[in-house]
Amino acid sequence: MIEAVEGSSVEETVWSGRWVADRLGIGLTGSPELPQLLGMAVRENPKRAHLLVSQVLGKHVPQRPGAVYGAGLRLGAAVRAVLGDGGADAGPVVVLGYAETATGLGHCVADALGAHYLHSTRRPVAGVVPAGGFAEEHSHATEHLLLPEDPELLDGDGPLVLVDDELSTGRTVLNTIAALHRRWPRERYVIAALVDLREEEDRVRLAEFAASLGARVEAVALAQGRVRLPPGTLERAQALVASTRSAELGECGEVGELVRAELPWPVGLPDGGRHGFTPGHAAELESVLPELAARLAGALGGAERRVLVLGFEELMYVPLRLAGALADALPAVDVRYSTTTRSPVLAVDDPGYAIRTRLVFPAHDSPADGPGERYAYNVAPGVERGRRFDAIVLVLDTPADTPELAGLTALLREVTDRVVLAVVPSYLPAESRSAEHDQRRNLVSGLNV
């Protein structure tokens with residue numbers, strides 16, 4: 001389905017949280033830059049009423065890749081300032097990002113610090129024993145796994161930096177630290193987020209938690225503020241979702257073409273931090289980005305003014321860096337970046353609302369928790385044709401390149417002239433490669449019986 005809801009016409013400079021604030025009475029106060037960093041939308045989630053939509057994360061809102069990467073690097077610089085010179089002396093810094101939203105952000109922070117990186121994942125990998133796991137209390141999909149290829153990655157004396165897009169209460173990150181500290185105790189943790197929206201009692205809880213561990217736990221963010229939720233907000237939000245159904249846009253013009261771009265991906269280079277990503281991997285990726293971008297540029301038609309590089313759920317960092325390299329290769333083209341997501345959110349095509357359109361399609365990577373709907377927000381142009389992308393570069397990993405992918409590509413072809421599909425090989429740790437080899441050997445033995 002291609003979905004949107006038409007809304008009133010207002011100035012483009014209106015805050016993209018105004019629609020929600022007017023109807024639910026939700027207030028956002030704090031740092032002056034908060035309205036530029038955050039908009040708001042209404043979740044289709046019985047646990048939470050609203051979604052704070054980052055303008056610089058590259059998840060729900062297509063953004064220039066330089067703005068997304070720059071925000072991550074600034075957050076990394078803020079972490080470095082907190083760590084000071086003594087942080088590196090305590091041992092190598094390890095950065096841990098949260099799936100799915102902060103996998104790319106955490107990677108950018110690791111780049112800024114020159115640190116080893118790992119992100120949590122909801123995708124189990126055969127043959128890889130989880131080093132840990134935790135639950136995200138308010139999420140619609142709660143299971144997170146830690147699957148480092150190097151079993152010693154989390155067993156160090158240096159600071160551990162935990163990165164999320166926002167701190168609302170801090171409970172998830174404290175649960176993570178508690179679980180990790182029981183197995184791999186260390187002296188220092190830093191919590192990093194684009195925005196810190198905790199209440200005073202949440203900050204007191206953090207201080208008490210750190211004292212109970214006997215460790216130093218600090219928080220850093222690019223902006224701080226508070227969210228005011230009037231009584232009954234959840235119930236009113238659910239009623240709003242029920243009464244404001246997203247409407248199909250229908251046909252959006254001629255169906256665009258679908259082409260594949262074969263990327264010369266280096267053998268052994270991980271496609272992200274699911275199993276760990278080292279500074280050496282970062283340097284190797286940096287060296288091949290121009291060639292990868294040239295291959296993508298060659299697959300485009302050459303007449304594009306606006307191009308979207310669309311990543312896939314947890315696969316955020318590589319599409320972001322490809323988008324940045326493509327923008328460098330095509331300086332006359334407005335290149336934007338965002339990714340698909342599991343999160344169900346109401347779409348309202350109004351400038352005062354952060355999620356203006358959505359594409360709804362079936363999961364296409366055989367997820368462990370079974371089939372379900374997936375979403376791509378602000379990709380369809382909606383009522384404003386100037387928002388249309390001339391081409392969309394869809395970047396996936398190999399497990400997502402399945403027959404079910406046709407559901408998404410068909411929708412993308414309705415809203416753009418050309419879809420370029422680029423598939424990056426999903427990195428498998430040695431344990432998984434061995435398990436895969438054993439499975440194939442057993443299959444062959446069975447066929448020979």
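This is a predicted model: local features need pLDDT of at least 70, side-chain atom pairs count only at pLDDT 80 or more; totals for chains, interfaces and linings use all residues.
The protein comprises 11 helices and 19 strands. Of its 449 residues, 58% count as buried. Among the contacts between residues at least 6 apart in sequence, 76% join residues that are at least 24 apart.

Two packed helices are described by the angle between their axes and by the distance between the axes. For helix α8, which spans residues 279–299, and helix α9, which spans residues 317–329, the angle is about 70 degrees and the axes lie 8 Å apart. Because angles of 65 to 115 degrees count as roughly perpendicular, α8 is described as roughly perpendicular to α9. The crossing in which α8 passes α9 is right-handed. On the side of α8, the contact is made by L285, E286, L289, L292, A293, L296 and A297, which meet Y317, R321, L322, A325 and L326 of α9. Classified by residue type, this contact of α8 with α9 has 10 nonpolar residues and two charged residues, and no polar residues.

Three aromatic pairs are present in the structure. In one of them, F277 and Y317 are arranged edge-to-face, with a centre-to-centre distance of 6.3 Å and an angle of 70 degrees between the planes. F277 is located in the loop between β13 (257–260) and α8, whereas Y317 belongs to helix α9, so the pair ties together parts that are 40 residues apart in sequence. Y317 is also listed among the residues of α9 that meet α8. Both partners of the pair fall under the 20% limit for burial, and F277 is therefore buried at a relative accessible area of 3%, while Y317 is buried at a relative accessible area of 4%. A further pair is formed by Y375 and Y377, whose ring centres are 5.9 Å apart and whose planes are at 5 degrees, so this pair is stacked. Y375 and Y377 are likewise buried.

When residues up to four places away in sequence are not counted, T409 touches L258 and L394.

Technical notes. Residues are numbered from 1 along each chain as its sequence is written. Side-chain values use heavy atoms; hydrogens and water are left out. Axes are lines fitted to C-alpha atoms, for helices over the stretch in contact, and angles run from 0 to 180 degrees between N-to-C directions. Helices (H or I, at least four residues) and strands (E, at least two) are DSSP runs, numbered from the N terminus. Angles under 35 degrees count as roughly parallel, over 145 as roughly antiparallel, 65 to 115 as roughly perpendicular and the rest as oblique. A crossing is left-handed if the near helix is turned anticlockwise from the far one by less than a right angle, and right-handed if clockwise. Contact means heavy atoms within 4.5 Å. Ala, Val, Leu, Ile, Met, Phe, Trp, Tyr, Cys and Pro count as nonpolar, Asp, Glu, Lys and Arg as charged, and the others, Gly among them, as polar. Rings of Phe, Tyr and Trp (its six-membered ring) pair if their centres lie within 6.5 Å; planes under 30 degrees apart count as stacked, over 60 as edge-to-face and the rest as tilted. Buried means under 20% relative accessible area, exposed over 50%, partly exposed in between (1.4 Å probe, protein chains only).
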